[in-house]
Amino acid sequence: MATRLASKAKHLVEELSHQGPHRVLRGDLALVGLPGVVHTPAEGLGLPAVAFAHGWLQPPVRYRGLLRHLASWGFVVAAPGTQLGPLASHRLFAADLRTALDVCTGVRLGDGSVSVDAGKLGLAGHSVGGGCAVLAAAEDSRVRAVATMAATQTKPFATDAASRCGMPSLHLAAGKDLVAPAVGHASLIASNWAGEAGLRTLPKATHMGFTEGRHWSNLLLPGKAEYATQRVARVLLTAFFLVHLAGNRRYAPVLDADVKGTVIETAQAA
């Protein structure tokens with residue numbers, strides 16, 4: 001039985017590593033008053049939506065592959081392009097994430113053939129954006145699931161906000177993170193989480209491994225884009241949101257699977 005489950009999980013991981021069945025459209029959030037981008041399936045009513053928060057100094061374009069990947073699997077994904085400066089306000093960025101969810105639920109997207117179910121909302125983020133996603137979740141009862149990648153502490157503290165978050169969460173930590181080592185950041189957020197919290201370490205990943213392409217901030221921050229890190233993140237975030245937002249239990253085995261390139265620190269919410 002165990003061998004059969006492992007084989008099934010491996011097959012699902014391989015399936016999720018590829019683009020999903022939906023053609024993806026890209027839009028500009030600025031058209032509705034919020035700088036940023038939105039990726040959606042070409043059509044679909046009552047879809048789940050995720051507001052995504054970028055890392056410190058990182059424009060949303062550095063996560064384009066992840067955003068498109070989630071959209072190809074049936075999610076509306078909105079990524080605010082605000083608070084991009086070195087002295088960004090974490091509190092205001094968290095508010096922008098909640099506004100992005102408002103946009104998703106309140107506006108017909110695409111050519112009017114895409115809509116979002118207000119009962120299927122999630123948050124995700126990288127680096128300080130992961131911490132801000134936690135801040136936003138603590139203040140928004142609509143949020144049903146939260147995922148972070150190399151999350152960092154924020155002001156106000158994301159670790160404190162986590163204690164007010166009762167929804168399922170998934171936290172990916174980078175084993176070679178010199179910016180925000182897991183012990184004082186992602187691991188602490190996960191341990192303080194009020195609801196179910198899964199924590200995985202990617203031993204070979206750096207803090208910036210989740211980003212794509214090149215950017216001037218690489219002169220300031222250690223690490224660079226890593227394809228293997230991005231691939232694992234796409235698989236795990238897609239599985240997590242399919243289960244907890246889309247209600248698709250078929251992919252639940254992935255959340256407990258021994259996924260190559262990761263180490264399970266705390267059992268993942270499935």
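Visitor: Which residues line the largest cavity?

Guide: In this predicted model, the lining of the largest cavity is made up of His54, Trp56, Gln83, Ala88, Ser89, His90, Phe93, Val128 and Cys132. Each of these counts as lining because it has an atom within 4 Å of a point of the cavity. Helices α3 (90-106) and α4 (128-138) each contribute at least two residues to that lining.

Visitor: How do the residues of the lining of the largest cavity divide into nonpolar, polar and charged?

Guide: The lining of the largest cavity has 5 nonpolar and 4 polar residues, with no charged residue.

Visitor: What lines the second largest cavity, and how much space lies in it?

Guide: The second largest cavity contains about 40 Å³ of space, and its lining consists of Leu66, Met149, Phe210, Glu212, Gln230, Ala233 and Arg234. Helix α7 gives the largest share of that lining, 3 residues. By class, the lining comprises 4 nonpolar residues, 1 polar and 2 charged; Glu and Arg both count as charged.

Visitor: How do you know that α2 and α7 meet?

Guide: Contact means heavy atoms within 4.5 Å, and on that basis Gly65, Leu66, His69 and Leu70 of α2 meet Arg234, Leu237, Thr238 and Phe241 of α7. The residues of this contact comprise 4 nonpolar, 3 polar and 1 charged. Helix α2 spans residues 64-72 and helix α7 residues 227-244, and the two pack at an angle of about 35 degrees with their axes 10 Å apart.

Visitor: Why is the crossing of α2 with α7 called right-handed?

Guide: A crossing is right-handed if the near helix is turned clockwise from the far one by less than a right angle, and α2 passes α7 in a crossing of that hand.

Visitor: Why is serine 187 called partly exposed?

Guide: Serine 187 has a relative accessible area of 27%, and because buried means under 20% and exposed over 50%, this value falls in between, so the residue is partly exposed. Serine 187 is placed in helix α6 (residues 186-192), and, leaving aside residues up to four places away in sequence, serine 187 touches Ala182 and Leu199.

Definitions and conventions:
Residues are numbered from 1 along each chain as its sequence is written. This is a predicted model: local features need pLDDT of at least 70, side-chain atom pairs count only at pLDDT 80 or more; totals for chains, interfaces and linings use all residues. Side-chain values use heavy atoms; hydrogens and water are left out. Axes are lines fitted to C-alpha atoms, for helices over the stretch in contact, and angles run from 0 to 180 degrees between N-to-C directions. Helices (H or I, at least four residues) and strands (E, at least two) are DSSP runs, numbered from the N terminus. On a 1 Å grid over the protein atoms alone, a cavity is a set of points where a 1.4 Å probe fits but cannot get out, and a pocket is an open set with protein on both sides within 12 Å along at least five of seven lines; lining residues have an atom within 4 Å of a point. Grid points are joined across faces, edges and corners, and a volume is the space filled by probe spheres set on the points. Buried means under 20% relative accessible area, exposed over 50%, partly exposed in between (1.4 Å probe, protein chains only).
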